[in-house]
Amino acid sequence: MPGFTTRPQLRGDFGMVASTHWLASATGMSVLERGGNAFDAAVAAGFTLQVVEPHLNGPGGEVPVIFQAAGHAPRVLCGQGVSPAAAVPEAFEGMDRIPGSGVLAATVPGSFDAWMLLLRDHGTLGVRDVLDHAIGLAERGYPVLPQIERAIAAVAPVLTRHWAGSAGVYLPGGAVPAAGSRLRNPALAATYRRIVSEAEAAGPDREAQIEAARRAWSQGFVAEAVGAFLASPVPDAAGTPRQALLTAQDMADWSASYEDPVSVSHGDRTVHKTGPWGQGPAMLQQLHLAEALGTGADVRDGVSADFVHLVTESAKLAFADREAWYGDPDFTDVPLDRLLSPEYAAERAALVDASRASTRQRPGRIDGRTPFVPPVFLAGEAPADRTVGEPTAGDVASRASLRGDTCHLDVVDARGNMVSATPSGGWLSSSPVIPDLGFPLGTRAQMFWLDPASPNRLEPRKRPRTTLSPTLVTRGDGQAVLAMGTPGGDQQDQWTTTALLRVLNGVDDLQEALDIPMFHTNAFPSSFHPRETVPGDLVVESRVDGDVVAELERRGHRVRVVAPWSLGRLAAVARDPDTGELRAAADARGAQGYAAGR
């Protein structure tokens with residue numbers, strides 16, 4: 001019998017878009033209806049998310065994309081900008097961690113160049129076509145959701161006292177915009193209109209226009225405005241002037257790039273993720289552990305204590321390895337072959353006690369190398385500085401439990417092109433808006449460690465080991481059948497793994513797979529400042545049965561029960577290559593994500 005769903009799974013054969021905001025999904029579907037393909041739709045939806053979810057992402061952020069063009073192998077597009085050339089540990093003298101807000105933590109903005117590169121190489125439309133919806137929403141205004149009102153209210157004192165550019169955009173008339181009102185960003189609209197003008201001045205050729213747009217961003221007026229803004233010290237959230245490390249030259253020296261995904265088989269499917277500059281391989285380790293432990297065989301029975309326990313204990317092991325071994329492979333020798341081998345999974349699975357939760361950090365020792373074990377910063381009360389760390393789409397007062405959010409989108413078209421992307425960074429709460437451009441920079445450098453023993457240690461022109469983690473699944477003949485993902489920082493490869501295990505073990509309805517009561521652990525170092533760890537932690541939605549919670553507590557988990565429908569904002573699209581049927585679903589959590597399609 002099918003399980004409970006909050007809304008129907010969509011089915012059709014033309015195209016599907018699923019994202020964390022209905023306006024982005026509508027944008028993507030509009031592009032498909034106008035003859036664009038999945039890549040055109042993804043790019044347009046991504047730019048829309050920058051406007052309508054400014055508390056969770058922005059043009060100054062980054063995006064990893066995993067995709068398959070019909071008839072080709074899956075690929076990864078890295079839109080994660082690198083650290084500045086001046087980013088050395090000595091620049092943070094007197095600090096034990098890189099700040100979670102302000103211009104010191106800025107890396108090169110990566111999302112714009114990545115979206116344009118995807119458009120150039122795999123799309124069919126032009127720069128104006130993919131920016132049109134975002135420009136219109138920024139000019140005319142978009143609806144302020146309660147989450148946006150709360151996010152702005154939390155940082156309003158900082159905007160008023162220290163970040164005038166931010167106040168000019170997000171405190172119209174000097175007040176926090178009320179939920180239900182409309183919020184405009186004319187400066188951002190003007191930035192994108194100028195990019196369109198400079199692109200079209202390059203002539204009628206589509207690729208020449210896209211290259212002109214890329215130059216305008218990384219070498220032209222956008223980079224110049226960033227460099228001018230950062231030339232003098234910029235106040236942090238406390239008003240202390242800080243000299244940024246990022247320069248216009250850093251932007252000119254970097255561009256987005258393609259690479260092969262990291263992949264493992266699970267049953268008759270292959271799951272593809274980004275490399276270890278993201279946390280994606282942690283999902284692949286969890287899938288191997290699930291096979292070794294037999295996790296997932298009972299998913300049709302709902303959320304059992306055994307399922308939650310085994311998934312959680314596997315996550316603790318995988319994320320301990322993430323901290324010990326993951327980093328930018330251009331700088332770090334990451335032993336992925338060993339980490340993703342079935343033999344290693346069997347060794348790690350033997351550490352899982354079916355009757356008792358672990359409260360220790362247990363990274364694996366590989367080839368005689370000593371694993372890096374980061375310092376333990378225990379979680380305390382929610383910090384008074386609301387600009388620090390990762391954003392949340394929920395109530396900021398509960399961020400200790402929910403820990404983070406961003407955006408996600410998935411697109412599939414009738415030709416079999418499939419895209420999964422997780423845009424993030426450059427959110428309004430953590431860095432001041434550049435008045436001439438209408439957006440703030442990102443703070444992704446906070447994910448680096450200053451300890452030289454870490455594979456994710458700070459070095460110049462290096463990618464921080466990000467949490468952003470889109471997912472693509474192919475079947476035996478190599479054709480893409482599923483794309484999915486979620487916002488949520490460190491939780492992305494926990495919530496997605498939980499939903500994916502259901503799909504891979506026989507739950508055919510995508511909406512049912514997403515609507516399962518969710519859970520996660522924070523029993524490892526957070527990727528975001530202040531990098532806290534909560535040993536033994538297990539957060540579960542209140543929809544999990546009370547008897548299950550009691551059994552989990554008996555096994556030693558320190559369970560925190562949170563509101564129903566509060567963990568995750570998953571989205572997914574699917575395609576059956578044999579019939580051409582397309583499907584889509586979006587999480588009801590957050591009351592804003594939707595799928596669209598026909």
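Trainee: At roughly what angle do the axes of helix α12 and α16 cross, and within what distance do they come?

Mentor: The model here is predicted. In it, the axes of α12 (residues 305–325) and α16 cross at roughly 135° and come within 11 Å.

Trainee: Which hand does the crossing of α12 and α16 have?

Mentor: The crossing of α12 and α16 is right-handed.

Trainee: Which residues make the contact of α12 with α16?

Mentor: From α12 come Phe-307, Val-311, Ala-315 and Phe-319. They meet Asp-493, Gln-494, Thr-498 and Leu-501 in α16. The contact residues divide into 5 nonpolar, 2 polar and 1 charged.

Trainee: What makes α11 oblique to α16?

Mentor: Their packing angle is about 40°, with the axes 10 Å apart. Roughly parallel requires an angle under 35 degrees, and roughly perpendicular starts at 65. The angle sits between those limits, so α11 is oblique to α16.

Trainee: Which hand has the crossing of α11 and α16, and which residues meet there?

Mentor: The crossing of α11 and α16 is right-handed. Gly-280, Met-283, Gln-286, Leu-287 and Ala-290 in α11 meet Asp-493, Thr-496, Thr-497, Leu-500 and Leu-501 in α16. This contact has 5 nonpolar, 4 polar and 1 charged residues.

Trainee: How do you know that α3 is roughly antiparallel to α8?

Mentor: Helix α3 (residues 111–122) and helix α8 (residues 206–218) pack at about 170°, with their axes 10 Å apart. The cut-off for roughly antiparallel is over 145 degrees. The angle passes it, so α3 is roughly antiparallel to α8.

Trainee: How do the residues of the contact of α3 with α8 divide?

Mentor: They divide into 7 nonpolar, no polar and 6 charged. Among those in α3 are Phe-112, Asp-113 and Arg-120. Those in α8 include Glu-207, Ile-210 and Trp-217.

Trainee: Now the sheets. What is the order of the open sheet of 7 strands?

Mentor: The order is β1-β24-β23-β18-β17-β11-β10, with antiparallel pairing.

Trainee: Why do β1 and β10 count as the edges?

Mentor: β1 (10–12) and β10 (262–266) each have a single partner strand, so one side of each is left without a neighbour in the sheet. From one strand to the next, the twist averages 15°.

Trainee: How do you know that β17 and β18 pair?

Mentor: Pairing needs at least two bridges. Strand β17 (residues 471–474) and strand β18 (residues 480–485) have 4 bridges, in the antiparallel sense. Leu-472, for one, has Ala-483 in β18 as its bridge partner.

Trainee: Which helices pack on or lie across strands of this sheet?

Mentor: Helix α11 (residues 280–293) packs on the sheet and touches β10, β11 (269–273) and β17. Its direction makes about 20° with that of β10. Helix α16 (residues 492–504) lies across β10, β11, β17 and β18. The angle of α16 to β18 is about 145°.

Trainee: What kind of pairing has the open sheet of 3 strands?

Mentor: The pairing is mixed, in the order β19-β21-β22. β19 (519–520) and β22 (558–562) are the edge strands, each pairing on one side only. Strand β21 (residues 537–541) and β22 pair in the parallel sense over 5 bridges. Glu-541 has Val-562 in β22 as its bridge partner.

Trainee: Where is the pLDDT below 50?

Mentor: Over residues 393–403. That stretch still has 37 contacts in the model beyond near neighbours in sequence. Where pLDDT is low, predicted coordinates should not be read in detail. The chain averages a pLDDT of 95, and 96% of the residues score at least 70.

Trainee: Which peptide bond is cis?

Mentor: The one from His-529 to Pro-530, with omega near 10°. Pro-530 lies in the loop between β19 and β20 (532–533).

Trainee: What is the phi of Arg-461?

Mentor: Arg-461 has a positive phi of about 60°, although it is not a glycine. Arg-461 is in the loop between β16 (439–440) and β17.

How values were computed. Residues numbered from 1 in each chain as written. Predicted model: local features only at pLDDT ≥ 70, side-chain atom pairs only at ≥ 80, totals over all residues. Heavy atoms only, no water. Helix = DSSP H or I, 4+ residues; strand = E, 2+ residues; numbered from the N terminus. Axes fitted to C-alpha atoms, helices over the stretch in contact; angles between N-to-C directions. Contact = heavy atoms within 4.5 Å. pLDDT = per-residue confidence, 0-100. Parallel < 35°, antiparallel > 145°, perpendicular 65-115°, else oblique. Left-handed = near helix turned anticlockwise from the far one by under 90°. Nonpolar A, V, L, I, M, F, W, Y, C, P; charged D, E, K, R; others polar.
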